[in-house]
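I opened my notebook for another look at a fold. Here is what I looked up, entry by entry.

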Amino acid sequence: MSERVEQFVAMYQRLDKNSLSLLDDIYDKDIHFMDPLHEVRGLDSLYKYFANMYANVSSCAFNISEFYELDETAFIYWTMTYRHPRINGGREVEVKGHSLLRFANDKVIFHRDYFDVGELLYRRLPVINKLIKMIDKRAGSS
C-alpha cells in the first residue's frame with residue numbers, strides 16, 4: 001500500500017465530528033466528492049458534508065477490506081458501520097461499498113463512493129421498507 005493510500009485509510013479510521021481537520025491532510029482544496037446522495041466541490045463544502053453527517057449519527061466507522069492502486073488512481077473497498085437514532089431503531093447498520101480515488105501531488109482530487117442507498121437508508125425506514133418489499137415481491141413474481 002502506498003503512503004498516500006495508507007494515510008487515507010488511517011485518516012478514515014480516526015475521522016469523527018471532533019477531527020474534521022484531518023481532511024486537510026488528504027484532500028486537495030478543490031476536491032470533487034460524490035456519493036449516491038450528494039455531490040460537493042471544494043474542501044469547505046466537504047467539511048460541511050462531514051460535519052452534517054457526523055452531527056446526525058451516534059457512531060460511524062469504516063473497516064477497509066482491500067484496495068487496489070494504479071498510478072494516480074486507487075480503489076478502496078470498505079464496510080461502513082453506523083448508528084443513527086432514527087434509522088433501524090438506533091441499532092447498528094452495516095453497508096458495504098467502495099471508493100474511487102484520484103490523486104494529484106499526493107492529495108485526493110476526486111473521491112466517489114459507491115454503495116447501495118437502500119441498504120444504507122431506505123430499507124431501514126419502516127414505511128419505505130414495506131413499500132420496497134411490496135415492489136420486490138411484485139417484481140419477483142413475474
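**Ground rules.** I call a residue buried under 20% relative accessible area, exposed over 50% and partly exposed in between, with a 1.4 Å probe and protein chains only. The model is predicted, so I took local features only at pLDDT of at least 70 and side-chain atom pairs only at pLDDT 80 or more, while totals for chains, interfaces and linings use all residues. Residues are numbered from 1 along each chain as its sequence is written, and side-chain values use heavy atoms, with hydrogens and water left out.

**Entry 1, the sheet.** I took helices (H or I, at least four residues) and strands (E, at least two) as DSSP runs, numbered from the N terminus. Two strands pair if DSSP finds at least two bridges between them. In what order do the strands of the open sheet lie? I read β2-β1-β6-β5-β4-β3, six strands with mixed pairing. β2 (39-41) and β3 (59-70) are at the edges with a single partner strand each, so one side of each has no neighbour in the sheet. On average, neighbouring strands are turned by 20 degrees against each other, direction ignored.

Axes are lines fitted to C-alpha atoms, for helices over the stretch in contact, and angles run from 0 to 180 degrees between N-to-C directions. Helix α1 (residues 3-14) packs on the sheet and touches β1, β3, β4 (73-83), β5 (93-104) and β6, its direction making about 170 degrees with that of β3. Helix α3 (residues 43-56) also packs on the sheet, where it touches β1, β2 and β3, at about 55 degrees to the direction of β1.

**Entry 3, strand pairs.** I found β1 (residues 27-34) antiparallel to β2 over three bridges, with Val 40 as the bridge partner of Phe 33. β1 and β6 are parallel over four bridges, and Met 34 has Arg 112 as its bridge partner in β6. β5 and β6 run antiparallel, joined by eight bridges; Ser 99 stands opposite Asp 113 of β6. Their hairpin has two residues between the strands, and Asn 105 there takes a positive phi near 55 degrees.

I located His 111 in strand β6 (residues 107-115). Is His 111 buried or exposed? His 111 is buried, at 1% relative accessibility. Its side chain makes a polar contact of 2.6 Å with that of Tyr 27 (a pair of N or O atoms within 3.5 Å; within protein, one must be able to donate a hydrogen and the other to accept it, and residues adjacent in sequence count only if both atoms are side-chain atoms).

Rings of Phe, Tyr and Trp (its six-membered ring) pair if their centres lie within 6.5 Å; planes under 30 degrees apart are stacked, over 60 edge-to-face and the rest tilted. My search of the whole structure gave eleven aromatic pairs. Tyr 49 and Phe 50 are edge-to-face, 5.1 Å centre to centre with 85 degrees between the planes, and both residues are buried. Tyr 68 and Tyr 77 are edge-to-face too, 6.0 Å centre to centre and 85 degrees between the planes. Here Tyr 68 is partly exposed at 45% relative accessible area, and Tyr 77 is partly exposed at 28%.

Notes: Contact means heavy atoms within 4.5 Å.
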